[in-house]
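Please open the structure in a viewer and keep the selection tool at hand.

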Amino acid sequence: MLVLAAFAWLRCDREDVEDCAGFLRAHRILTRSGDQFGADPRYVRVSMLDRDDAYDIFVKRLSSLH
């Protein structure tokens, strides 16, 4: 049986970032804030159910963050 994770949770560990969703949105990465799910806003939920090319863009943008 193949099990696919529909979502990934990420945490922004930078000291100057309190709103991870806003920080990522500024870098053209759309997520849902953790506070929508009762979690700290330093966490975000990322949908993993998309086409391969969209996932490749996500990884490229995420890896370009400093």
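A residue counts as buried under 20% relative accessible area, as exposed over 50%, and as partly exposed in between, with a 1.4 Å probe and protein chains only. Of the 66 residues of the protein, 21% count as buried. The model is predicted, so local features need pLDDT of at least 70 and side-chain atom pairs count only at pLDDT 80 or more, while totals for chains, interfaces and linings use all residues. Residues are numbered from 1 along each chain as its sequence is written, and side-chain values use heavy atoms, leaving out hydrogens and water.

**The whole chain**

Begin with a cartoon view. The protein has two helices and three strands, arranged along the sequence in the pattern β-α-β-β-α. These elements are DSSP runs numbered from the N terminus: helices (H or I) have at least four residues and strands (E) at least two. The C-alpha atoms fill a box of roughly 40 × 30 × 15 Å along the principal axes.

**The sheet**

Next, select the strands. They form an open sheet in the order S1-S3-S2, with antiparallel pairing; two strands pair if DSSP finds at least two bridges between them. S1 and S2 are the edge strands, each pairing on one side only. Five bridges join S1 to S3. Within this pairing, select Phe-7, whose bridge partner in S3 is Ser-47.

The charged end of Arg-45 sits over the ring of Phe-7, 3.6 Å from its centre. The criterion is that NZ of Lys or CZ of Arg lies within 6 Å of the ring centre and within 35 degrees of the ring normal.

**The disulfide**

Select Cys-12 and Cys-20. Their sulfur atoms are 1.9 Å apart and form a disulfide, for which the cut-off is a pair of cysteine sulfur atoms within 2.5 Å. The torsion about the S-S bond of Cys-12 and Cys-20 is about 55 degrees, so the disulfide is right-handed. Both Cys-12 and Cys-20 are buried.

**The nonpolar core**

Which residues make up the largest nonpolar core? Select Cys-12, Val-17, Cys-20, Ala-21, Phe-23, Leu-24, Ile-29, Val-44, Val-46 and Phe-58, ten residues in all. Such a core is a set of buried Ala, Val, Leu, Ile, Met, Phe, Trp, Tyr and Cys residues joined through side-chain atoms within 4.5 Å. Helix H1 (20–26) and S3 each supply at least two residues of this core, and the largest share, four residues, comes from H1.

Centre the view on Ile-29. Not counting residues up to four places away in sequence, Ile-29 touches Leu-24, Phe-58, Arg-61, Leu-62 and Leu-65, contact meaning heavy atoms within 4.5 Å.

**The aromatic pairs**

Finally, display the aromatic rings. Rings of Phe, Tyr and Trp (its six-membered ring) pair if their centres lie within 6.5 Å; planes under 30 degrees apart count as stacked, over 60 as edge-to-face and the rest as tilted. By this rule there are two aromatic pairs. Trp-9 and Phe-37 have ring centres 5.5 Å apart and planes at 85 degrees, so this pair is edge-to-face. Trp-9 lies in strand S1 (residues 7–11) and Phe-37 in the loop between strand S2 (32–33) and strand S3 (43–47), so the pair ties together parts 28 residues apart in sequence. Trp-9 is partly exposed at 44% relative accessible area, and Phe-37 is partly exposed at 33%.

The pair of Tyr-55 and Phe-58 is tilted, at 6.2 Å centre to centre and 45 degrees between the planes. Both residues lie in helix H2 (residues 52–63), three residues apart, about one turn of the helix. Tyr-55 is partly exposed at 40%, whereas Phe-58 is buried at 15%.
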